[in-house]
Protein chains: 2
Amino acid sequence: MQKKYLMTPGPTSVPSEVLLAQARPMVHHRTPDFNKVVRDCVEGLKYVFQTEQSDVLIFAASGTGGMESAVVNCFSAGDKVLVSYNGKFGQRMEQIAKVYGLDTTVLEYGWQQVVDPADIAGFLKENPDTKGVIVTQSETSSGVLNDVEAVGRIVKDYPECVLIVDSITGIGAVDCKTDEWGLDVVMTGSQKGLMLPPGLAAVTVSPKAWKAYERSTLPKYYFDWKKYKKNLEQDTTPFTPAVSLMIGLAEAIKLMREEGIENIIARHARLAEACRKGCEALGLELFAPAEGRGNAVTPVWVPEGIDGKKLVSTMKNKHGVTIAGGQDDYAGRIFRVGHLGYFGDFDIIITLAALEMTLFELGYAFEPGTGIKAAEHVLLGK
Amino acid sequence: MQKKYLMTPGPTSVPSEVLLAQARPMVHHRTPDFNKVVRDCVEGLKYVFQTEQSDVLIFAASGTGGMESAVVNCFSAGDKVLVSYNGKFGQRMEQIAKVYGLDTTVLEYGWQQVVDPADIAGFLKENPDTKGVIVTQSETSSGVLNDVEAVGRIVKDYPECVLIVDSITGIGAVDCKTDEWGLDVVMTGSQKGLMLPPGLAAVTVSPKAWKAYERSTLPKYYFDWKKYKKNLEQDTTPFTPAVSLMIGLAEAIKLMREEGIENIIARHARLAEACRKGCEALGLELFAPAEGRGNAVTPVWVPEGIDGKKLVSTMKNKHGVTIAGGQDDYAGRIFRVGHLGYFGDFDIIITLAALEMTLFELGYAFEPGTGIKAAEHVLLGK
């Protein structure tokens with residue numbers, strides 16, 4: 001018997017309360033009972049996204065569907081957009097923008113750099129006809145946190161330019177004040193901070209984004225925002241929703257409201273700090289730069305002389321602890337610990353203990369127990 | 001949000017597979033489908049109890065019900081029995097025997113002593129008309145493991161004396177070879193090594209115990225073994241069984257067969273050793289004597305100057321980790337860590353990390369991380 005632990009940046013583990021809610025008998029979605037579920041989900045997501053002025057639309061789709069919906073609902077072919085990224089998932093927005101024929105400029109940073117808002121400001125000054133700025137808040141592949149608040153301050157001076165934020169790995173882990181920071185479109189996926197299985201994408205749409213929608217001529221049907229907004233007025237959805245996931249979401253939101261969004265973010269910050277300090281105490285080097293480390297995932301360099309793929313596979317096969325490896329150029333060179341969503345103190349302890357035991361077996365020279373000690377101090381606040 | 005961890009010697013945590021099996025729609029117990037459940041449970045328990053010659057009877061009752069059933073089915077008022085114990089639960093057998101008017105002699109040991117089989121041999125030599133010897137294999141209150149194999153060798157020379165073994169906290173955690181060791185009646189409860197919620201008691205009955213049954217004149221109805229045996233021939237029960245618990249038991253047994261009983265016991269031995277070594281590395285003193293430490297629960301002395309009740313309550317309230325305190329004379333003086341049933345490596349790590357953080361907060365002088373380090377070495381076998 002081996003217990004399994006999922007310590008990846010999505011899918012993340014799901015609370016029993018949510019799993020059991022999803023196991024309830026199927027209900028029809030065109031019923032007053034399910035209308036209440038839709039209402040609870042939407043109101044709850046507004047709370048989580050910290051928005052009153054934006055609509056929140058929910059799609060039966062993965063996060064990528066939410067990303068695509070932003071492009072097809074805000075733009076027309078030939079529109080000038082600026083995509084800035086520092087990792088694999090930011091790059092996906094470039095691909096989507098190009099597929100739809102947008103006039104796409106890319107600000108590409110290294111995976112260990114943060115997006116510099118000054119570069120965005122510079123571009124907009126030279127290109128005041130830009131229709132959209134697209135940025136990733138919390139990059140899953142690199143663990144880098146970008147300052148979308150600063151980008152918001154810049155973009156808000158351009159009334160016809162919308163700011164689109166991929167916060168798929170951000171929402172529920174790092175602070176994201178949608179209204180206050182002037183974020184027009186923010187999206188997340190269910191298998192992250194929302195503590196659900198994958199299958200839902202949630203997207204916020206600000207009044208400014210609705211104006212962009214009115215101008216947009218790109219073809220859209222399943223992801224047509226207006227259809228969802230119109231149906232939401234009757235607490236329903238234009239197409240068959242993912243019923244069980246929505247019921248699970250209503251339950252997850254109940255848990256999130258009980259804890260409070262500020263406390264949730266503070267918990268993630270604490271766990272991320274414990275993970276970082278634990279890894280550093282083992283003599284490991286963090287991948288993300290000090291000026292931009294998110295709370296959702298901690299990427300760490302595989303130490304010299306250790307086989308990175310073997311490290312990840314030993315954690316999983318011998319100890320039952322699944323973490324993520326590096327992607328693209330960093331495959332085998334970094335490993336990534338997720339601490340996002342339904343995570344508590346002892347998930348960090350488990351991961352560090354599994355890491356210590358794995359490093360010990362792979363012949364890495366260090367003092368076992370030191371990673372745990374450092375984490376315990378952070379967790380105790382002492 | 002605080003995750004909860006149950007590290008007590010019963011109830012113990014229940015695998016998701018078993019919880020979900022219990023959540024299946026209710027079925028009627030007089031049906032072929034449920035007959036199969038009964039059959040699977042009985043065959044599976046024979047495997048777990050390592051018996052072919054004994055019947056295994058299952059009661060909708062707690063472990064105490066199983067204990068009482070042994071007394072009322074094996075004896076008559078005035079029968080001479082020897083009860084030996086070294087803890088709170090062994091004492092309960094004395095109380096039951098006395099309630100039913102048995103001529104009860106007690107061999108009482110301190111909670112930190114093992115039962116000495118030579119004392120039992122001596123008593124039987126002087127009292128060859130003894131009808132029963134009652135002993136606890138794994139004492140929950142003291143963590144002491146008694147050598148029931150040695151007692152079996154002694155009692156088997158007395159053809160009219162049955163050996164009754166309370167293995168409520170033993171089965172599935174320590175080796176218990178019912179047939180090979182000549183144990184006539186062995187009992188367990190569902191909320192221990194069987195990885196279920198409380199509510200079922202399982203009792204083995206050897207051919208020798210059936211002979212005792214034939215002689216027994218004590219009144220019995222709900223716990224009348226013969227009723228259960230007769231119904232088992234039709235794969236059913238005399239009274240309404242605890243349907244969900246039985247369905248859960250069939251599932252738990254599937255998991256136990258997959259792992260294999262020898263591996264299950266070896267896992268428990270390994271986890272107990274990791275727990276003990278972890279505690280000792282923190283400078284704590286183990287309660288149970290070196291010659292009789294079980295795999296199910298590790299009682300530990302609360303160190304000088306630390307409030308034992310506060311230790312347990314801090315673990316629970318601040319860290320979400322429930323361990324047990326001491327009982328009777330040892331309340332506040334020892335704490336007990338359960339590692340019984342659905343337990344893996346990281347449950348020991350969690351418990352030790354919570355213990356380290358708690359001791360740190362309570363001002364105990366030690367080096368955080370050292371307990372984990374010692375446990376990691378045991379878990380790695382290095």
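**Notebook: domains, sheets and the chain contact**

I looked up the division of chain A first: chain A has domain 1 (5-10 + 261-380) and domain 2 (16-259), with bounds from an automatic or database domain assignment. I noted that this is a predicted model, in which local features need pLDDT of at least 70, side-chain atom pairs count only at pLDDT 80 or more, and totals for chains, interfaces and linings use all residues. Residues are numbered from 1 along each chain as its sequence is written, and chains are lettered from A and ligands numbered from 1 in the order in which they are written.

**Between the domains.** I found 28 Å between the centres of domain 1 and domain 2 of chain A, taken over C-alpha atoms. Their contact takes 26 residues from domain 1 of chain A and 29 residues from domain 2 of chain A; two residues are in contact if their C-beta atoms, placed from the backbone, lie within 7 Å. On the domain 1 side, helix 10 of chain A gives the most, with five residues. Helices (H or I, at least four residues) and strands (E, at least two) are DSSP runs, numbered from the N terminus.

**Three-stranded sheet.** I traced an open, antiparallel sheet in chain A with the order 9-12-11; strands pair if DSSP finds at least two bridges between them. Strand 9 (297-301) and strand 11 (324-325) of chain A each have a single partner strand, so one side of each lacks a neighbour in the sheet. Strand 9 and strand 12 (residues 334-338) of chain A pair over five bridges, and A:Trp301 has A:Ile334 as its bridge partner. Helix 10 (residues 261-281) of chain A packs on this sheet, touching strand 9 and strand 12, and its direction makes about 10° with that of strand 9. Axes are lines fitted to C-alpha atoms, for helices over the stretch in contact, and angles run from 0 to 180 degrees between N-to-C directions.

**Seven-stranded sheet.** I read the order 2-8-7-6-5-3-4 in another open sheet of chain A, with mixed pairing. Its edges are strand 2 (55-60) and strand 4 (103-108) of chain A. Strand 2 and strand 8 (residues 200-205) of chain A are antiparallel over six bridges, and A:Leu57 is bridged to A:Val203.

**Chain B against chain A.** I found 27 residues of chain B in contact with 27 residues of chain A. Helix 12 of chain B gives the most to the chain B side, with nine residues.
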